[in-house]
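User: I'm new to this one and I'd like to learn how to read its charged side chains. Could you walk me through it?

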Amino acid sequence: MTLAEPPQPDPVPEPATPEGASQASTAPSPARNETTTPDPGTQAPAHHLVDKARAAQQAPAGTQDCPPFAGTTPEPPSNDNPPNLAPAVGDATDIDEANVDDHETAAGVVQNVRSNTGTVIGVQNVSEIQRLRGTPLPQDWITQQLHPYLADAETTKAIGTLLDAHRVAVIHAPAGTGRYTAALHALTHQGVKVIRQVRREPNEGVDLEGLKNEDTGWILDLRDKEETLRTGFGLHLREVEAHLRTMFSFVVVVTRTDTWTRVADEATALAHLLTPPAAIDVLRAHLSRRQPPIAELDKWLTADEITQPLKGATPAQAARWARIITAAVNLNGSSTEPKDFPKLLDAVVQSAHNWRLILRSWHTNHTDSAHRNYLLAAAALDGAPAETVYDAHTTLGKALGDTPQPTRGQQGPGIIELTHTVGAELGSDDHIRFLSPGYAEAVVDYFWVDRPHHVAAFTRWTAEQAASLPADLGAPLAERVTQWATRYTLAKQSFTVLRAIATHWAKTRHLPDRAQDLLVAAAVDPTDGKRAREQYLVWAKAPDTSDLTDRRNTPTVLKQALVGALAQLAPAYPQIALKRLSELAVNTTDEAVADAVGDALTQLWDQAALKDTVRTILSSWFTSSQHHYIAAARRAFLHLADRTTADGLPLLLNRNDAEADPWTLAGWRCALDVPATDPVQNAFDTWLDAALAHPALRPAVLKTFTEAVFRSDADRTYLAPRYLRLNHAAFGWQPALAEAQPGERSLLRDSLVLALREADPAAPAHLHHAPFTQ
């Protein structure tokens with residue numbers, strides 16, 4: 001491919017590693033850059049990696065050594081955002097998050113899949129979720145981050161002195177300066193057994209005395225540019241010293257300088273202003289410490305095209321340049337026609353600008369659809385056999401509405417000519433690859449921007465390709481598109497592409513899990529995941545539709561995929577996930593969506609680490625002053641109330657005591673405050689069926705329903721509407737029949753009706769001849 005003169009460099013955007021740290025050796029940042037070619041013999045199948053990781057994520061509490069939230073009981077919600085799980089000192093009260101600073105803290109497990117196909121998104125998602133939920137950061141990942149770290153003796157000594165004296169240190173500086181990596185380095189030097197991130201939802205308050213793990217180095221990540229530290233946060237950091245000494249633990253807070261300034265006077269002695277190293281020194285460390293070292297290192301470090309953009313740049317920006325250079329060198333080494341240094345340098349600069357100038361020039365000179373479709377197909381199927389790419393470019397043309405031009409014999413360009421024209425390389429194995437860093441992704445990105453009216457058609461085509469191609473081709477395609485769509489969505493702040501892909505994948509056989517991975521990947525993105533989570537709330541609230549192209553309403557297949565994604569997100573963001581699950585339950589009439597929500601809630605309920613969180617959040621919603629919270633809680637509760645154990649017993653029934661469980665009783669009271677619905681009747685039927693089949697449960701069931709008619713445990717007002725709804729539900733379970741001898745069902749129904757009447761303080765004396773069952 002002939003490269004044009006590179007444009008004048010624009011400011012390079014922030015990278016995706018922990019502020020100036022790099023990925024180990026040749027591994028670029030997960031889900032952000034081209035990857036290197038691994039040894040195929042070392043890789044497990046992608047779906048096996050994902051299944052194993054997800055199984056680990058859903059393991060019972062204790063097996064994952066997952067700490068509880070460092071906070072207190074939630075307050076009832078006061079706005080449209082989920083309630084604050086831990087209203088303690090320190091942070092803003094809006095739980096539904098502020099924009100995240102341009103940084104990445106992902107302790108991601110990088111799993112390379114074939115050449116240039118990216119990482120196993122499912123594994124990466126699970127790894128990020130585990131970090132957010134507070135599981136120990138993997139030691140190999142910590143080593144990976146610290147490998148290129150430029151340790152400064154004065155900085156190391158200063159932070160170490162703070163930790164020795166106070167058990168707490170606050171590292172503050174502007175974005176991209178290496179605060180998180182400095183925290184990792186400092187805690188590693190303290191010799192703690194494990195390092196964790198304090199478990200908290202965005203903008204949630206923190207009570208550090210809730211950290212009970214011994215010999216632990218904690219990182220409290222407050223780098224969000226919209227963090228607001230309230231008065232008292234600095235005092236809390238000083239007061240927690242005694243507790244941390246008792247636990248033989250340390251806390252390092254990382255934040256922005258302007259954020260810390262608001263409370264700096266409260267804890268001046270705890271703070272350290274981080275001074276970052278020069279960007280060119282960071283680049284040198286990244287390139288020289290990889291194995292094998294980058295060839296012609298001095299040329300890379302002295303080229304004006306690189307040194308000029310690095311003047312005044314942050315370590316994070318230098319790390320991004322290092323990843324592009326590394327990818328370019330690796331790809332060049334596998335080429336049958338390797339570029340000399342000037343051309344390779346030009347490719348690196350073009351990659352830093354997403355190849356936009358080159359692609360614009362190419363499209364200007366190649367206006368025929370055949371070449372453009374071949375370029376797009378080759379990019380989407382990067383690394384696929386030539387025959388597959390050639391066939392795919394024909395089907396892509398049809399998907400985009402092109403009218404194929406009939407050819408005879410050898411008319412028209414063949415594979416070799418087309419491959420050369422689009423700037424790809426046909427390898428000796430007859431596979432087509434782009435050997436310029438980031439080029440394949442840039443092609444797809446260009447198409448999304450240039451042809452927005454074809455996004456849906458292209459999305460359907462990728463779904464068909466991923467589902468119909470052999471697994472070794474379809475799976476990498478889905479991986480690539482997931483990464484590209486996530487980056488495109490968050491960079492452009494437009495969810496058109498992501499929504500189209502998730503919707504069509506959710507509808508396509510074998511791809512619903514991929515749709516969920518895409519939604520999760522966007523939601524856990526440390527830079528702009530907040531916007532994705534906000535968008536999911538909008539989709540959850542919208543009415544159902546079966547039209548996949550309807551932008552006002554939400555397709556039911558997308559809602560089902562969203563349910564699965566939220567279930568995965570719940571360990572990291574329980575309040576956010578539960579709010580959206582509840583909204584999905586309230587705003588659907590589709591049985592498949594409702595069942596999916598019920599299954600997700602049951603799945604979360606079954607995880608010991610999340611059950612208390614689910615109970616606590618729903619408790620605050622049962623008595624909320626806002627109708628939509630009550631409605632969401634009611635639907636969520638009824639899903640749980642209708643679920644049974646393996647032996648057919650109601651999941652929420654207190655089987656060991658005739659007394660009603662207070663939380664379950666509150667849920668039934670909430671459910672009975674509106675006119676009867678099918679979910680109420682279904683849950684009621686489940687409980688009466690269990691009481692009929694297991695006589696020992698009848699006292700607990702009758703006690704629960706007779707107590708539910710009272711306003712609350714404290715207010716013993718007997719509410720007639722609740723009585724009437726229970727009475728109707730009882731006769732809905734067993735209608736009145738002309739029976740010579742009442743059957744067991746009728747006797748149980750009459751026992752409940754009589755118990756409800758007798759619970760009324762204004763009811764007449766008990767009629768001794770009334771039917772009763774033991």
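User: Where do we start?

Analyst: Let's start with Arg-722, which is buried, with a relative accessible area of 5%. Buried means under 20% relative accessible area, exposed means over 50%, and partly exposed is in between (1.4 Å probe, protein chains only). Keep in mind that this is a predicted model: local features need pLDDT of at least 70, side-chain atom pairs count only at pLDDT 80 or more, and totals for chains, interfaces and linings use all residues. Residues are numbered from 1 along each chain as its sequence is written, and side-chain values use heavy atoms, with hydrogens and water left out.

User: Which residue forms a salt bridge with Arg-722?

Analyst: First the idea: a salt bridge is a side-chain nitrogen of Lys or Arg within 4 Å of a carboxyl oxygen of Asp or Glu. Here the partner is Asp-673, and the closest N and O atoms are 2.8 Å apart. This pair links distant parts of the chain, 49 residues apart: Asp-673 sits in the loop between helix 29 (662–671) and helix 30 (678–693), while Arg-722 is in helix 32 (residues 720–733). Asp-673 counts as partly exposed, at 40% relative accessibility.

User: How are helices and strands picked out and numbered?

Analyst: They're DSSP runs, numbered from the N terminus: helices are H or I with at least four residues, strands are E with at least two.

User: How many salt bridges are found in the whole structure?

Analyst: The search turns up 23. One of them joins Asp-544 to Lys-559, with the closest N and O atoms 2.7 Å apart. Asp-544 belongs to strand 8 (residues 544–545) and Lys-559 to helix 24 (residues 556–569), so to speak distant parts of the chain, 15 residues apart. Lys-559 is buried at a relative accessible area of 0%, whereas Asp-544 is partly exposed at 22%.

User: Which residues are linked in a network of salt bridges?

Analyst: That would be Arg-669, Lys-703, Glu-707, Asp-713 and Arg-716.

User: And Arg-372: does it sit buried or exposed?

Analyst: Arg-372 is buried, yet it has no salt bridge. For charge, Lys and Arg count as positive and Asp and Glu as negative; His and the chain ends are not counted. The nearest side chain of opposite charge is Asp-450, 4.9 Å away. Arg-372 lies in helix 15 (residues 369–380).

User: What is Arg-372 in contact with, leaving aside its neighbours within four places in sequence?

Analyst: Contact means heavy atoms within 4.5 Å. For Arg-372, the list is Trp-362, His-363, His-366, Thr-367 and Arg-451.
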